[in-house]
Amino acid sequence: MKQPTIVIIAIAFVLGVALASWPLVGLAALPVVYRLVGRYRGIATLGIVAGVLRVVVSPLAVTAPEISLAYAGAARVEGQPVVTSDTQRVTLRLIDKPSSIADRLVLADVPRDAVVAPGDHVVFRGTLRAPQRFDSFDYPRYLAVRGIGYVSHRSDLRVETQSGSIASTLYRLRVSMSERIATMFQYPGSAFINGVLLGDQSGITTGLEDTFRRTGTAHVLVVSGFNISILAAVVITAFGRRPGAVVLSLGSIAAFVLLVGPSAAVVRAALMAAYLLVAITLGRPQTALTACAVTACVLLVLNPWLLRFDAGFSLSFAATLGVLLLSPWFDSALRLPGVIGEALAASLAATIATLPVSLIQFHQFSLVGPLANVLIVPVVPLLMAAGAATLLSSYVAPLLSTLLGSIISIVVALLIRLLEGIAAVPFASISTPSWLGLACILGYGIHGLAKKERHAT
């Protein structure tokens, strides 16, 4: 089967999933896609029908809202706990569940000092309740996509048996490294370095999070495709595009994923970064485009509701498409050298590509985002590299790491002070209606059609 046909089928399937699970978005993209596929409309129609059927045969199982049941019994920790500034959220699989409880996971708030790791067997006590919808956010379906059917607030647990799995060992290593970072860097430097290196959000206060959100730079604090692409770019810039450098980059990405935890979002971002890295190195960016479309299609075959209720899914693939299609243009227009130019071009391309998703999902737009990203994005790769070097040096040269940590902490503090000034600008962030995101999709589509027509003539 020819490569364009594979891409068209994959995109059509994604469009079909959108039509069934997210009708307004699907309808906005439908005429554009049909116009772009040209003579492949028959194949595209089959892909769309398959996508619609995949959603229809997989209804989301949402817990009845009146459910409230006390539980005291055995459970197993699933995935990495999420530690915040004031609590810890643990996903549990109940072992001694009564027959009246469906076989779904529990998202429990437990004391922050409870030391648990993936795979640990625990005794859990709490009240199971159905998650409730709040404001315009469909929280029950958001959790149902992840197999979670219950929430439990102010719960308690006691570890019975610690897991000896690789996931558990790596999580405990991550916790140890996070604690070491907290001692080497002064706040907010410690919170920032922990966020960009390990994905640890425990030190991110509400005020600091709001500063990054209002300036459109929150993506740098979340372990995602941005962090992974920077990691690959740094290695490639340092060692060139030789085969050995590519292997080193892939190994660095794999080690990073294992360290921060192989969550769905991180694995997805790592796979796409690896595809993109190999394809561009081989001079075949179209291969990366095919891989992006096929990967999205495969993930939606496994779980079609990711598109509607997993913002990370939509954002990561939109960002990857932006890097593939728009980054070369930004790179040539900016003409900045080395990793700084590549990182800035990639950031601008990803920002443009993810704009419709952000407007539809979060109903918010940062007017100062482009300026803030221009200022912070070139610095983040340097801070990531410096933070990693400081962490590694702490094991062999504690005095040197303390000195480096102090310097980096000052730089991060100045950077955040700058962002706070930008965030304080009136109307730095504005609320937007969902239709504006739909208009963006139509606008991008019309622009793509016009560009296609110009090339055709």
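**Reading a predicted chain**

Modeller: Of the 457 residues in the protein chain, 47% count as buried. Buried means under 20% relative accessible area, exposed means over 50%, and partly exposed lies in between (1.4 Å probe, protein chains only). This is a predicted model, in which local features need pLDDT of at least 70, side-chain atom pairs count only at pLDDT 80 or more, and totals for chains, interfaces and linings use all residues. Residues are numbered from 1 along each chain as its sequence is written, and side-chain values use heavy atoms, with hydrogens and water left out.

Biologist: How many helices and strands does the protein chain have?

Modeller: Helices (H or I, at least four residues) and strands (E, at least two) are DSSP runs, numbered from the N terminus. The protein chain has 19 helices and 9 strands.

Biologist: What share of the contacts in the protein chain joins residues 24 or more positions apart?

Modeller: A contact means heavy atoms within 4.5 Å. Among contacts with a separation of 6 or more, 72% are between residues 24 or more positions apart. A separate case uses C-alpha distance: Pro433 and Leu359 are 74 residues apart in sequence, yet 7.4 Å apart in space. Pro433 sits in the loop between strand E9 (429-431) and helix H19 (434-456), and is partly exposed at 35% relative accessibility.

Biologist: Which residues does Ser401 touch, leaving out those up to four places away in sequence?

Modeller: Ser401 touches Met184, Thr390, Ser393 and Ser394. Ser401 belongs to helix H18 (residues 398-423) and is buried, with 2% relative accessibility.

Biologist: Which peptide bond is cis, with omega near 5 degrees?

Modeller: Omega describes the peptide bond, and here the one from Tyr187 to Pro188 is cis. Pro188 lies in the loop between helix H5 (166-184) and helix H6 (189-198).

Biologist: What phi does Arg154 have?

Modeller: Arg154 is not a glycine, but its phi is positive, about 50 degrees. Its place is the loop between strand E6 (148-152) and strand E7 (156-161). Arg154 is exposed, at 81% relative accessible area.

Biologist: How many disulfides does the structure hold?

Modeller: A disulfide is a pair of cysteine sulfur atoms within 2.5 Å. The structure holds 0.
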